[in-house]
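Here's a quick tour for someone meeting this structure for the first time. Have a look at the sequence and the fold, then read on.

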Amino acid sequence: MHEIIQPDGWAKPIGYSNGISARGRIVQIGGQIGWDEHCQFHSDDFVDQVRQTLLNIVSVLKAADAKPEHLIQMTWYFTDRIAYKSRMKEIGAVYREIIGRHFPPMAAVQVVALMEDRAKIEIQALAVVPD
């Protein structure tokens, strides 16, 4: 299935992995943002948009007969690094509620803007469904 890669002697990361090894069918999830299935935003709150973005990722996974535990990589793009850092506990709680206690390798990047003006977060993900 999936194997977490942790180099000897490295500090254990919190909320992500340093690496993962997987074998199976690849599912690429395009950048998801904090709007619903009708492309409507219901909130401009950062954590609310994170919640919706993660729900969108789970919906795409489900459509591909995949689950959150099949995620092997996530890249988070956000417009406000301070909002991200100051609300990490809330973001972590939402993440665990929707994705669970599965923490693939992740990157978090502040960007100047996203394509949708109201979007505060965009997450691109990759999953591998075991053979």
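This is a predicted model: local features need pLDDT of at least 70, side-chain atom pairs count only at pLDDT 80 or more; totals for chains, interfaces and linings use all residues.

The elements that give two or more residues to the lining are H3 and S5. H3 provides the largest share of that lining, with 5 residues.

**The sheet**

Next up is the sheet. What is the order of the strands in the open sheet? There are 4 strands, running S3-S6-S4-S5, and the pairing is mixed. S3 and strand S5 (106–110) are the edge strands, so to speak, each pairing on one side only. From one strand to the next, the twist averages 10 degrees. Helix H1 packs on this sheet and touches S3, S4 and S6. The direction of H1 makes about 150 degrees with that of S3.

As a bit of background, strands of a sheet pair through backbone hydrogen bonds, either parallel or antiparallel. Here is how the pairs look in this model:

| Strand pair | Sense | Bridges |
|---|---|---|
| S3 and S6 | antiparallel | 7 bridges |
| S4 and S6 | antiparallel | 7 bridges |
| S4 and S5 | parallel | 5 bridges |

Arg-25 has Val-129 in S6 as its bridge partner. Gln-73 stands opposite Leu-126, also a residue of S6. Over at S5, Val-109 is the residue opposite Tyr-77.

Is S6 largely enclosed or open? S6 is largely enclosed by the rest of the structure, because 7 of its 9 residues are buried.

Now for the inside. In soluble globular proteins, nonpolar side chains tend to be buried together. In this model, the largest nonpolar core has 26 residues, and the members that touch the most others are Ile-29, Phe-46, Leu-54, Ile-57, Leu-71, Met-74 and Trp-76. Several elements each supply at least two residues of this core: strand S3 (25–33), helix H1 (46–63), strand S4 (71–78), helix H2 (81–86), helix H3 (88–98) and strand S6 (121–129). Which of them gives the most? That would be H1, with 6 residues.

Ile-57 makes a handy example. Setting aside residues up to four places away in sequence, Ile-57 touches Ile-29, Gln-32, Leu-71, Met-74 and Ile-123.

Pro-104 sits in the loop between H3 and S5. Is Pro-104 buried or exposed? Its relative accessibility is 0%, so Pro-104 counts as buried. Beyond residues up to four places away in sequence, Pro-104 touches Tyr-16, Ser-17, Leu-71, Ile-72, Gln-73, Met-74 and Tyr-95. Pro-104 and Ile-121 are 17 residues apart in sequence, and their C-alpha atoms are 18 Å apart in space.

Then there's Val-109, which lies in strand S5. Val-109 counts as partly exposed because its relative accessibility is 33%, and the band for that label runs between 20% and 50%. Leaving out neighbours within four places in sequence, Val-109 is in contact with Trp-76, Tyr-77 and Phe-78. Val-109 and Asp-80 are 29 residues apart in sequence, and 9.6 Å apart from C-alpha to C-alpha.

To finish, a look at some backbone angles. Most residues other than glycine have a negative phi. Which residues in the model have a positive phi without being glycine? Cys-39 is one of them, with a phi near 60 degrees. Cys-39 has its place in the loop between S3 and H1, and counts as partly exposed because its relative accessibility is 43%.

Asp-65 also has a positive phi, of about 55 degrees, although it is not a glycine. Asp-65 lies in the loop between H1 and S4. With a relative accessible area of 65%, Asp-65 is exposed.

Notes: Residues are numbered from 1 along each chain as its sequence is written. Side-chain values use heavy atoms; hydrogens and water are left out. A nonpolar core is a set of buried Ala, Val, Leu, Ile, Met, Phe, Trp, Tyr and Cys residues joined through side-chain atoms within 4.5 Å. Buried means under 20% relative accessible area, exposed over 50%, partly exposed in between (1.4 Å probe, protein chains only). Contact means heavy atoms within 4.5 Å. Two strands pair if DSSP finds at least two bridges between them. Axes are lines fitted to C-alpha atoms, for helices over the stretch in contact, and angles run from 0 to 180 degrees between N-to-C directions.
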